[in-house]
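Subject: Structure handover

Hello,

Please find the structure below. My notes on what was found in it follow directly after.

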Amino acid sequence: MNSAKDFNSKIKTTRIFGMRNGFTLIELVMVMVLIGILAAGAVLMVGSIIESQKTDATLKEMQNLVNAMTGDPDLKEGGVRSSFGYAGDLGPLPPTSGTCPACGLIELVTQSGRPAWSTDAQLPGTGYGWRGPYIDAKQDDSGRYLALLDGWGNYYSYNAGTGAITSFGSDGLAGGTEDAADITWPGSPLVSTGTITGRVTDRNENSVIANNVIVTYPNPASPGSPTTATNATAANGVFTLNSIPMGKHKIQTTVSGITYIKAVTVLPSQSVIVDFSAAGDPTTPNAPTSVLAAR
C-alpha cells in the first residue's frame, strides 16, 4: 500500500511542476528555427569581421607603400630624420610605367634598370641611386608581389602624379559601398621636395656676395642619376634653393678658393637653413655637418 501511495505522489508532483519526458513536434521545430537564426547571425558576424580585417590590412599596407616611397618620418638618427624611401634615393616618386595598375610601384621592389646606389666620395652618407627593395619582395604562386595586392588579392591602382594609392575594395571595381567601396591613401597629394636657404659670411661675419652655393641631389628627370642646383648669394649673403628632393644631400660653396662642404637634410614642404661661415682654417674645408629643418 505504501508503495502505491508513493507512486501516485510522484505522478502528482510531476504534473504539478509540468515535467514530462520528450518534446512535442512544435517545440522541436522552434528549436531548429532558433538554431538556424543563431547560425545565420554567426555567419554574418564572422563575414563582417573578415571584411573588417581585410580593410585594416589594406590600410596598413597602403601606409607601408607610402613609407616606401617617401620614407618613415619617425625613423631618426641623432634626432635627425634618416628615412626618405625611394624619393630620397632617386629623386621623384615612382613613375607610372607599363600597363598594369600597380606597375609604377614595381620599382619599390625591383631595380627596373635604375642606377644602383652610389655614395658621394666627398661626403659619405649622401648619394643617389636605387638601394631597395623598399617593401617586402615576397611573391604568391603566380609571381605577383604580395605588397602590391590589397586585402582582397587585387592590384592597387597608383597615381604617380599625386602618389595616391587606391584599392577598389572587395569587388575590385571602381565605386561601390561598404566593403566594396574604394579606399584611397593618402588623402592629399604627397610632397617630396623642400627648400634650402641660408647665408654665406666671411671670417669677419661680412656677407659674401654673388657667391655660388651648389647642392647635389638625385635627378627627378633621370631617377638615380646625380644633378646639381646652384644659387648665387644676394647682397646680404643669402641664397635660396627651391624644389630640392627630400633626403640627405651634399651642399657646398667656395670662398677665396676654399671649398666648404656640409650635409643638408631636406624635409618635404619645409625650409632648411644652412649657413656657411668662412672663418675656419683657410686650408681645410669645414667638417661635414647635418642641418636640421627650421621650425
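Tyr86 is buried, with a relative accessible area of 0%. Here buried means under 20% relative accessible area, exposed means over 50%, and partly exposed lies in between (1.4 Å probe, protein chains only). Tyr134 is also classed as buried, at 18% relative accessibility.

Before going on, note that this is a predicted model: local features need pLDDT of at least 70, side-chain atom pairs count only at pLDDT 80 or more, and totals for chains, interfaces and linings use all residues. Residues are numbered from 1 along each chain as its sequence is written, and side-chain values use heavy atoms, with hydrogens and water left out.

Aromatic rings

A pair of aromatic rings is described by the distance of the centres and the angle of the planes. Rings of Phe, Tyr and Trp (its six-membered ring) pair if their centres lie within 6.5 Å; planes under 30 degrees apart count as stacked, over 60 as edge-to-face and the rest as tilted. The count by this rule is three aromatic pairs. In one of them, the ring centres of Tyr86 and Tyr134 are 6.0 Å apart and the planes stand at 70 degrees, so this pair is edge-to-face. Tyr86 belongs to helix α3 (residues 85-90) and Tyr134 to the loop between β4 (127-128) and β5 (157-159), so the pair ties together parts that are 48 residues apart in sequence. Helices (H or I, at least four residues) and strands (E, at least two) are DSSP runs, numbered from the N terminus.

Trp130 and Tyr134 form another edge-to-face aromatic pair, with 5.8 Å from centre to centre and 90 degrees between the planes. Both of these residues, Trp130 and Tyr134, are buried. Taken together, Tyr86, Trp130 and Tyr134 make up one aromatic cluster.

Charges over rings

A charge sits over a ring if NZ of Lys or CZ of Arg is within 6 Å of the ring centre and within 35 degrees of the ring normal. Arg131 has its charged end over the ring of Trp117, 3.7 Å from the centre of that ring. For Arg144, the ring is that of Tyr155, and the distance to its centre is 5.8 Å.

Thr119

Thr119 is part of strand β3 (residues 118-119) and counts as partly exposed, at 42% relative accessibility. Leaving out residues up to four places away in sequence, Thr119 touches Pro124, Gly125, Thr126 and Gly127, where contact means heavy atoms within 4.5 Å. Gly129 is ten residues from Thr119 along the chain, and their C-alpha atoms are separated by 8.7 Å.

Strand β9 and its partners

Strand β9 (residues 212-218) is mostly covered, with five of its seven residues buried. Two strands pair if DSSP finds at least two bridges between them. With strand β10 (residues 226-232), β9 pairs in the antiparallel sense over seven bridges; Asn212 has Ala232 as its bridge partner in β10. With strand β12 (residues 247-255), β9 pairs in the antiparallel sense over four bridges, and the partner of Val213 in β12 is Thr253.

Thr216 is in β9 and counts as buried, at 15% relative accessibility. Again leaving out residues up to four places away in sequence, the residues that Thr216 touches include Tyr128, Pro226 and His249.

Backbone details

The peptide bond from Gly132 to Pro133 is cis, with omega near 5 degrees, and Pro133 is in the loop between β4 and β5. Another cis peptide bond joins Trp185 and Pro186, with omega about -5 degrees; Pro186 is in the loop between β7 (183-185) and β8 (193-202).

Ser256 is not a glycine, yet has a positive phi of about 55 degrees. Ser256 lies in the loop between β12 and β13 (258-266) and is exposed, at 76% relative accessibility. Ser269, also not a glycine, has a positive phi of about 65 degrees. Ser269 lies in the loop between β13 and β14 (271-273) and is exposed, with a relative accessible area of 58%.

Regards
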